[in-house]
Amino acid sequence: MEPALSDERIAEQVVGGDRDAFEVIMRRHNQRLFRTARAILKDDAEAEDAVQQGYLSAYRSLDSFRGEARLATWLTRIVVHEALRRRKRGRFADLSVVEEPEEERVPSPEEHASRGELRILLERAIDSLPDSYRVVFVMRDVQEMTSREVGACLDMTEEAVRVRLHRARRALREWLMEQMDTKASDAFRFAGTRCDRIVAYVLRELPGAL
């Protein structure tokens, strides 16, 4: 079996006129970008729209990608900016502001007895975090990005990322993390239908689409 082509090589193919190769990029990065956008917007539909528009922006400017950062980081920055733009239309979230977590933000575990509700409980707990903590927590612990990648995407130092991550974990750990048996990586599961919908929309909107 031939090794999979790198993102950068596929990007070169897209720039060279292979429009269909962009679908490979989207399917590789849909989950990361959706989770990141949702962490900012706290709304599935808005996050999906932000990812779609981010892809269209990336496609239009792909020939300017020079490889100074990984393509995944470049795409994430584009979607972060699109999501923040959408937030600004409503209640703008300043990710540079560190807010202290509020107490009693989420229901107690006793209110969620069944195992099937644990993942929902985790998602609600993450949603309840202050904006500056929630985005970092999702990118680091849910999406498993490095502190360097998160800092590059959010224009933060690695130390600032670590501080926010520590505070987010502390806010969740005491009563939630010790009791659940669902891994954080299972939160905000990226359904196949959503992945297909994003790909279909972007391909339809790309220049030259039939």
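Predicted model: local features only at pLDDT ≥ 70, side-chain atom pairs only at ≥ 80, totals over all residues.
1. Leaving aside residues up to four places away in sequence, Tyr-55 touches Phe-22, Ile-25, Met-26, His-29, Asn-30, Leu-33, Ile-198 and Val-202. With Val-202 the separation along the chain is 147 residues, yet the C-alpha atoms of Tyr-55 and Val-202 are 7.0 Å apart.

2. Ala-45 also belongs to helix α3, which covers residues 44-60, but Ala-45 is partly exposed, with a relative accessible area of 49%. From Ala-45 to Arg-194 the C-alpha to C-alpha distance is 10.0 Å, although 149 residues of sequence lie between the two positions in the numbering.

3. For the chain as a whole, the model shows nine helices and zero strands, so the order of elements from the N terminus reads α-α-α-α-α-α-α-α-α. The protein chain has 210 residues, of which 49% count as buried. Taking the contacts between residues at least 6 apart in sequence, 73% join residues that are at least 24 apart.

4. Two packed helices are described by the angle between their axes and the distance between the axes. For helix α2 (residues 21-41) and helix α9 (residues 192-205), the axes come within 10 Å and cross at roughly 130°, and α2 and α9 are therefore oblique to each other. The crossing of this pair is right-handed.

5. On the α2 side, the residues that meet α9 are Phe-22, Glu-23, Met-26, Arg-27, Asn-30 and Phe-34, while α9 contributes Arg-194, Cys-195, Asp-196, Ile-198, Val-199, Val-202 and Leu-203. Sorted by class, this contact of α2 with α9 holds eight nonpolar, one polar and four charged residues.

6. In the second pair, the axes of α2 and α6 come within 8 Å and cross at roughly 160°. An angle over 145 degrees counts as roughly antiparallel, and α2 and α6 are therefore roughly antiparallel to each other. The crossing of α2 and α6 is right-handed. Arg-35, Thr-36, Ala-39 and Ile-40 of α2 make this contact with Arg-134, Val-135, Val-138, Met-139 and Val-142 of α6. Divided by class, the residues of the contact between α2 and α6 are six nonpolar, one polar and two charged.

7. How many of the residues of α6 are buried? The count is 12 of the 12, so α6 is largely enclosed by the rest of the structure. The buried residues of this helix include the charged side chains Asp-131, Arg-134, Arg-140 and Asp-141, together with others such as Tyr-133, Val-136 and Phe-137.

8. The length of α6 can be checked against expectation. At 1.5 Å a residue, the 12 residues of helix α6 (residues 131-142) should span 16 Å, and because the end C-alpha atoms are 15 Å apart, the two values agree. After α6 comes Glu-144, a residue whose phi is positive, near 60°.

Note on methods
Residues numbered from 1 in each chain as written. Heavy atoms only, no water. Helix = DSSP H or I, 4+ residues; strand = E, 2+ residues; numbered from the N terminus. Expected span 1.5 Å × (residues − 1). Buried < 20%, exposed > 50% of the residue type's maximum accessible area, 1.4 Å probe, protein only. Axes fitted to C-alpha atoms, helices over the stretch in contact; angles between N-to-C directions. Parallel < 35°, antiparallel > 145°, perpendicular 65-115°, else oblique. Left-handed = near helix turned anticlockwise from the far one by under 90°. Contact = heavy atoms within 4.5 Å.
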